[in-house]
Amino acid sequence: MPNASSYKKEILQEYEQIRFRNKQLLNQRIQEIREQIPRIAEIDAQIRDLALDAALSHGEGATPEELAAQSQALIQEKYEILAREGYPSDYLSTIYTCKKCQDTGSVENELCECMKQKMIQRQYQNSNLGAKLTDENFKHFRTDYYSNLSDGKHELTPRANIENIYHSLLKYIDGIDDYFQNGTTKGNILFQGNTGVGKSFLSNCVAKELLDKGYAVFYVSAGSLFEQAGDAVMNKNQRENSQEFYQTVNECDVLIIDDLGTEMMNSFSTSYLYTLLNSRLLRQKATIISTNLSLTELRQHYSERIFSRICDSYLIYTIYGEDIRFAKRKAWQATMDK
Ligand SMILES: [Zn+2]
């Protein structure tokens with residue numbers, strides 16, 4: 001799995017390239033200025049000679065202080081010429097893309113903000129979520145897609161229910177550092193409910209928040225999970241990427257399994273699912289599952305062991321209401337009819 005430390009290594013190489021490019025850019029500027037303003041070329045040569053004198057004279061001729069003063073006067077003249085010609089004062093200074101860390105990625109042994117951003121970008125690229133998170137995030141979350149009328153089956157209206165879930169998810173996100181560091185909060189989630197009630201949407205909302213906190217999130221549909229894990233275990237296509245996939249689902253901080261129960265079920269999938277969920281639990285990794293199956297069906301389809309792991313260690317949210325896709329269409333229609 002591309003994990004934080006392998007990202008870090010790649011990113012440090014990126015900084016090396018940035019420093020190299022900036023150095024090239026500065027050399028180009030120096031060249032350009034010397035060609036356009038011959039006096040600057042002369043000044044540079046004089047400064048170089050003075051430095052040589054200072055190094056070699058050993059007390060003969062001008063004193064080091066005098067040489068330094070002459071050099072300072074030349075530098076001053078150079079700045080004045082540059083300003084007169086309309087160049088910014090730092091035009092010939094070392095170029096830094098990030099001034100804070102001077103393109104090293106860290107400041108006083110702490111990761112610089114630019115490094116953190118680069119790491120988050122990597123996590124986004126590797127999350128398998130693609131562009132989805134642009135639309136599927138809490139900014140686009142609306143409770144008014146859920147009815148305010150009781151469905152006759154549940155105590156809470158669909159809207160009151162989703163509001164509770166929303167607040168609970170915010171608490172979950174707030175406490176996620178505690179889960180990873182001390183295991184003192186619950187780190188796993190099961191979203192359960194019929195098709196179209198917004199389970200995947202909510203799990204993507206959570207994914208985005210955790211990515212923004214710097215965690216490595218990996219999304220996979222249940223169908224693809226079992227297919228690819230099966231390939232890796234049987235070493236069927238001997239491709240490196242199926243091994244890499246296998247490692248990723250094991251090692252990522254947050255694994256999202258979408259639509260559990262829609263995959264082809266067999267003895268492999270049941271035992272693999274248990275091993276995966278259990279080993280992630282033991283290593284305090286977070287797993288977020290969405291499923292159309294009810295808890296009773298989960299118990300029937302998989303094993304008692306899986307069922308009890310989920311009941312013990314997962315926050316379980318049951319989402320109900322009408323298919324949001326209808327509500328969205330209705331809302332859209334209403335704006336068109338106005
Ligand atoms: Zn920086």
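Q284 counts as partly exposed, because it has 13 C-beta neighbours inside 10 Å. Keep in mind that this is a predicted model. Q284 sits in the loop between α10, residues 267-282, and β6, residues 286-291. What is the phi of Q284? Near 55°, a positive value in a residue other than glycine. Most residues other than glycine have a negative phi.

N128 is the next one to look at. Its phi is near 70°, again positive in a residue other than glycine. Where does N128 lie? In the loop between α4, residues 113-126, and α5, residues 158-174. N128 has 17 C-beta neighbours inside 10 Å, so it counts as partly exposed.

Now back to α10, and its partner α12, residues 304-313. The two axes come within 10 Å and cross at roughly 30°. Angles under 35 degrees count as roughly parallel, so that is what we call α10 and α12. The handedness of this crossing is left-handed. Who makes the contact? From α10, we have L273, Y274, L277, N278 and L281. From α12, we have R305, I306, R309 and S313. By class, that contact holds five nonpolar, two polar and two charged residues.

Next pair: α2, residues 38-56, and α3, residues 64-84. Their axes also come within 10 Å, and the crossing angle is roughly 165°. Are α2 and α3 roughly parallel or roughly antiparallel? Roughly antiparallel, because the angle is over 145 degrees. The crossing of α2 and α3 is left-handed. On the α2 side, the contact uses R39, I40, I43, Q46, I47, L50, D53 and A54. On the α3 side, it uses P64, L67, Q70, S71, L74, I75, E77, K78 and I81. The class count here is 10 nonpolar, three polar and four charged.

On to the core. As background, nonpolar side chains in soluble globular proteins tend to be buried together. The largest nonpolar core in this model has 50 residues. Which residues have the most contacts inside it? V217, F218, V249, V254 and I256. Helix α7, residues 199-212, gives the largest share of this core, with seven residues. Take V249 on its own. Leaving out residues up to four places away in sequence, V249 touches F218, V220, L225, A229, L255 and L276.

Staying with α7, look at K199, which is found in that helix. Is K199 buried or exposed? Buried, because 24 other C-beta atoms lie within 10 Å. Beyond its neighbours within four places in sequence, K199 is in contact with F191, G193, S290 and I319. Now place K199 against D259. They are 60 residues apart in sequence, and their C-alpha atoms are 8.9 Å apart in space.

N22 has 16 C-beta neighbours inside 10 Å, so it counts as partly exposed. Setting aside neighbours within four places in sequence, the contacts of N22 are I95, Y96, T97 and D103. How many residues separate N22 from T296 in sequence, and how far apart are they in space? The separation is 274 residues in sequence, and 61 Å from C-alpha to C-alpha.

Note on methods. Residues are numbered from 1 along each chain as its sequence is written. This is a predicted model: local features need pLDDT of at least 70, side-chain atom pairs count only at pLDDT 80 or more; totals for chains, interfaces and linings use all residues. Axes are lines fitted to C-alpha atoms, for helices over the stretch in contact, and angles run from 0 to 180 degrees between N-to-C directions. Helices (H or I, at least four residues) and strands (E, at least two) are DSSP runs, numbered from the N terminus. Angles under 35 degrees count as roughly parallel, over 145 as roughly antiparallel, 65 to 115 as roughly perpendicular and the rest as oblique. A crossing is left-handed if the near helix is turned anticlockwise from the far one by less than a right angle, and right-handed if clockwise. Two residues are in contact if their C-beta atoms, placed from the backbone, lie within 7 Å. Ala, Val, Leu, Ile, Met, Phe, Trp, Tyr, Cys and Pro count as nonpolar, Asp, Glu, Lys and Arg as charged, and the others, Gly among them, as polar. A nonpolar core is a set of buried Ala, Val, Leu, Ile, Met, Phe, Trp, Tyr and Cys residues joined through C-beta atoms within 7 Å. A residue is buried if 20 or more other C-beta atoms lie within 10 Å of its own, exposed if 12 or fewer, and partly exposed in between; C-beta atoms are placed from the backbone.
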